[in-house]
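I open this notebook to record what I looked up in one structure. The entries follow the order of my reading.

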Amino acid sequence: THDKVYLLSLADITNPRYGFSQYDDSEDIYRRAQGSDYAKCQGLYVYNYGESRKGNSNWNIRSPGFNSSSSGNVFSDGYVSNGGINVGCTEYGVRPALNINLKSEIFQSYVMDVGYSDVIITGYIVKPSQATVNYGDSIVLHADFDRTLPDRARVEWTADNGNFSMSVSAEGTACKISPKSSGKTVFTATVYDKDGNVIGSDTQEMTAKAGLWQKIVAFFKKIFGLTKTIPEVFKGIL
């Protein structure tokens with residue numbers, strides 16, 4: 001489409017470059033969505049049950065469904081339905097999309113106060129290929145930026161709990177994490193200038209699975225040399 005504001009297509013929501021699973025029959029967490037208060041007032045249905053559905057809603061895409069009055073849609077658990085639903089159904093939401101050029105001058109920010117950096121870095125943690133890591137395996141999180149970091153700037157990684165061990169690369173842009181105990185963890189990559197001022201940051205939530213079963217599996221994988229580090233996958237687009 002050449003529209004400025006549009007709905008995502010089936011090709012879009014199965015494109016790994018955009019952070020989605022390439023499989024339409026998978027319950028992709030990145031396709032799950034929660035509606036706004038306005039949408040709920042207009043009739044949007046919100047699921048109140050199911051671990052992968054609770055709090056989420058179904059939403060339509062622009063790709064056609066099985067007839068001229070229906071569109072494809074994504075279920076609340078992230079599964080894609082090619083059959084579709086009638087476009088007039090208010091129980092399903094929509095997720096308008098648009099393209100943004102983060103290098104445009106309208107996004108360049110300057111802080112005028114004396115003693116603070118005059119450059120704000122637009123940075124983000126590239127979505128990993130998966131958000132869950134089993135005990136014994138590792139994954140590399142990668143921080144990307146819209147420009148070269150200023151002289152003597154540094155990147156620091158932090159976690160809100162101790163579920164994962166962390167190993168940060170020398171330049172600070174990559175952080176290898178490995179599960180130690182089960183649970184969710186929010187990782188933050190923060191960019192500081194030479195004076196210690198924050199000039200950019202982003203977060204990524206990851207889930208560690210380190211129960212008895214995962215540890216047993218990890219034990220045998222280590223014996224047979226099957227442990228792995230899930231590589232960093234560049235899925236963000238600037």
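In which helix is the place of leucine 212? I found leucine 212 in helix 3, residues 212-223. I took helices (H or I, at least four residues) and strands (E, at least two) as DSSP runs, numbered from the N terminus.

**Entry on the model.** I note that this is a predicted model, in which local features need pLDDT of at least 70 and side-chain atom pairs count only at pLDDT 80 or more, while totals for chains, interfaces and linings use all residues. Residues are numbered from 1 along each chain as its sequence is written, and side-chain values use heavy atoms, with hydrogens and water left out.

**Entry on the whole chain.** I looked up the secondary structure and found three helices and 15 strands in the protein chain. Of its 238 residues, 37% are buried (buried means under 20% relative accessible area, exposed over 50%, partly exposed in between, with a 1.4 Å probe and protein chains only). I then read the contacts (heavy atoms within 4.5 Å): among those with a separation of 6 or more, 56% join residues 24 or more positions apart. The chain exposes about 14,000 Å², and carbon and sulfur atoms supply 52% of that area. Accessible areas come from the Shrake-Rupley method with a 1.4 Å probe; for residues, only the protein chains shown count as cover.

**Entry on the patch.** Which residues make the nonpolar surface patch? I listed Leu212, Trp213, Ile216, Phe219, Phe220 and Ile223, which together form a patch of about 700 Å². Patches are made of residues with over 30% relative accessible area and no salt bridge; like charges are joined within 9 Å, and nonpolar side chains (Val, Leu, Ile, Met, Phe, Trp, Tyr) within 5 Å. Leucine 212 is exposed, with a relative accessible area of 66%.

**Entry on the salt bridges.** How many salt bridges does a search of the whole structure find? I recorded five, each a side-chain nitrogen of Lys or Arg within 4 Å of a carboxyl oxygen of Asp or Glu.

One of them pairs arginine 62 with aspartate 12, with the closest N and O atoms 3.5 Å apart. Because arginine 62 lies in strand 2 (residues 59-64) and aspartate 12 in helix 1 (residues 10-13), the pair ties together parts that are 50 residues apart in sequence. Arginine 62 is partly exposed at 36% relative accessibility, whereas aspartate 12 is buried at 14%.

I also noted arginine 154 with glutamate 156, where the closest N and O atoms are 2.8 Å apart.
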